[in-house]
Amino acid sequence: MSEQQPRKQAANESTDETDETESRMSGAQAVVAALEAAGVTTTFGIQGGAIMPVFDALHDSDIHHVSMAHEQGAAHAADAYGIVSGEPGVALATSGPGATNLVTGIADADMDSDPMIALTGQVPQDMVGNDAFQETNTMGVTAPITKANYFSTNPDTVGADVGTAFALAKEGRQGPTLVDLPKNVTQGETTTEPAAPSLPKSYAGPNEEADPATVDAAARALSTAEKPAILSGGGVVKGEASEELRAFATTYEIPVVTTMPGVGTFPEDHPLAMEMGGMHGTGYANMALSHCDVLLGVGTRFDDRLTGGIESFAPEAEVIHVDIDPAEISKNVHADYPLIGDAKTVLGQLDAAMPTAPDADRWREQTATWKEEYAMSYDAPRDEPVKPQFVVEALDEATPADTIVTTGVGQHQMWAVQYWTYTEPRTWVSSNGLGTMGYGAPAAVGAKLAAPDREVVSFEGDGSFLMTSQALSPAVREELDITIAVLNNSYVGMIRQWQDAFYGKRRYESKWDWGPDFAKLAEAYGAQGLTAEGYDEVPEAIEAAMDYDGPSVIDFHIDPEENVYPMVPSGGNNAEFALEEGHL
């Protein structure tokens, strides 16, 4: 740590006894030293009583701490930082309400297998269980939503606890970890210098290679398929296997569908790209899933928003399932060929085992026909309110290909994934599994700090943005050049769409026309605020945001009646997707 250098210089002229005294550090300093040993450069969080010793130690570190305006925002920012950088993001909070405010963000990271570490303050050990001020059983609360959590009990081992949590967060199937830090531990003293992060000696790591015999059988099935398809999931991103997946798909000319977490793993402008499948996936992706005869799923958990009804999902297909987590194999969809291992490694094994490319010319012609028949489109009469799809396409056109997109959750999230062309991994940053409204704005803060030289655009709905709009405060303070596009329809739009489709158009408590003027709200925080109400104003607002060196919020007033299509009703058949309300 930076404060130790003058101490070491002074110690050169002192006695051995003085040297031993000066080499002591607090438990909090050990926590920070462990983060430094892990290569951490940025943390997110909020100061508080029980975590104060750690913040005090951070004061003397080169680690850049970003104080967020709410702990939930700190968790989302750390989550997004981990998605974009590939290294665990770090969130800090105090005990009690500070720790519980992290819970939504931790659960979000857990659902999407995102690498993150949470460090929470705790009351002193002798007060645990006494209902002390700001005491919460953080271990009990977070056990179901973390990959591992630790209660530190000794200043001598607290640094190792942090290092272990960091190592586990990025090992194998990634996910969030947590270390609970009692104040007596962080205030205590130690002479133990934390080492680089290491896994527990008892930890049995995941398989790297899949069973060779099963690989050979899977390769034979795939090579003889007449209608093969690849399903690329979020595990391809986490396993840094996008290049291998692209090479495999193009070598053997197999159409590729992605899950929502897998968006960007295969370039959507490629002829073999079927784009995202599932509830709001493209019609052609869902047709490919529904009619393929061999499906190679890589790094996917086959969740319900992808599959619809399990009995109708890929009904004709033999399933090859590649996943690093054996718990996912046949959990939702039966795997005829279970390949447990690292995505990058197993794709290499499959490539080496393929006897020949599948003879699938007619199948590729069919998938190309579906892409024409069910092309994504929308009507945009200039005398009607602005269509949200137009806004998404306009922002895509105005920004570089490697722009990072973050989103909240709702209709705007679906338009952002449907009408933006993703060609690279780690450019789609969203709450895929938990569906957390408000994720987009704080995620944009984390994403920009992870990739300061990249453009970051956050799509939010008016309802979603209301939940975490305070993330503008750190964005302004950190001088982050991000653009937040609020697709404002004065509704909680996805709820309104479901009410219209399935609840007799009884729009109870879904109309949110009581929101603020988001441009003025942005200005109140010190950001640039812009409003676009008509088609002619859209390009002007985007240009102003792109030219501004700092955070901008564009309040796009969009058609309040526009819906997200295609749509497969929950539990429905993917092949029976609706293209309009009358199809439901």
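Student: What do the side chains of aspartate 500 and arginine 507 meet in?
Tutor: They meet in a salt bridge, 2.8 Å from N to O. That term is for a side-chain nitrogen of Lys or Arg within 4 Å of a carboxyl oxygen of Asp or Glu. This is a predicted model, where local features need pLDDT of at least 70 and side-chain atom pairs count only at pLDDT 80 or more, while totals for chains, interfaces and linings use all residues. Residues are numbered from 1 along each chain as its sequence is written, and side-chain values use heavy atoms, with hydrogens and water left out.
Student: Is aspartate 500 buried or exposed?
Tutor: Aspartate 500 is buried, at 7% relative accessibility, whereas arginine 507 is partly exposed at 28%. Buried means under 20% relative accessible area, exposed means over 50%, and partly exposed is in between (1.4 Å probe, protein chains only).
Student: Ok, how many salt bridges are in the whole structure?
Tutor: A search finds 18. One of them joins aspartate 325 and arginine 173, with the closest N and O atoms 2.9 Å apart. This pair links distant parts of the chain, 152 residues apart: aspartate 325 is in the loop between strands S13 (318-323) and S14 (337-340), and arginine 173 is in the loop between helix H8 (158-170) and strand S7 (176-182). Helices (H or I, at least four residues) and strands (E, at least two) are DSSP runs, numbered from the N terminus.
Student: Which residues are linked in a network with Asp325?
Tutor: Arg173, Glu328 and Lys331 are linked with Asp325 in a network of salt bridges.
Student: And what about lysine 227 and glutamate 316?
Tutor: Their side chains form a salt bridge too, at 3.0 Å from N to O. Lysine 227 lies in the loop between helix H10 (212-223) and strand S9 (228-232), and glutamate 316 in the loop between helix H14 (304-307) and S13, so the pair ties together parts 89 residues apart in sequence.
Student: New topic: in what order do the 6 strands of the open sheet come?
Tutor: The order is S11-S10-S9-S12-S13-S14, with parallel pairing. Two strands pair if DSSP finds at least two bridges between them. The edge strands, S11 (273-276) and S14, each pair on one side only.
Student: How many bridges join S13 to S14?
Tutor: There are 4 bridges, and the two strands run parallel. Histidine 321 stands opposite proline 338 in S14.
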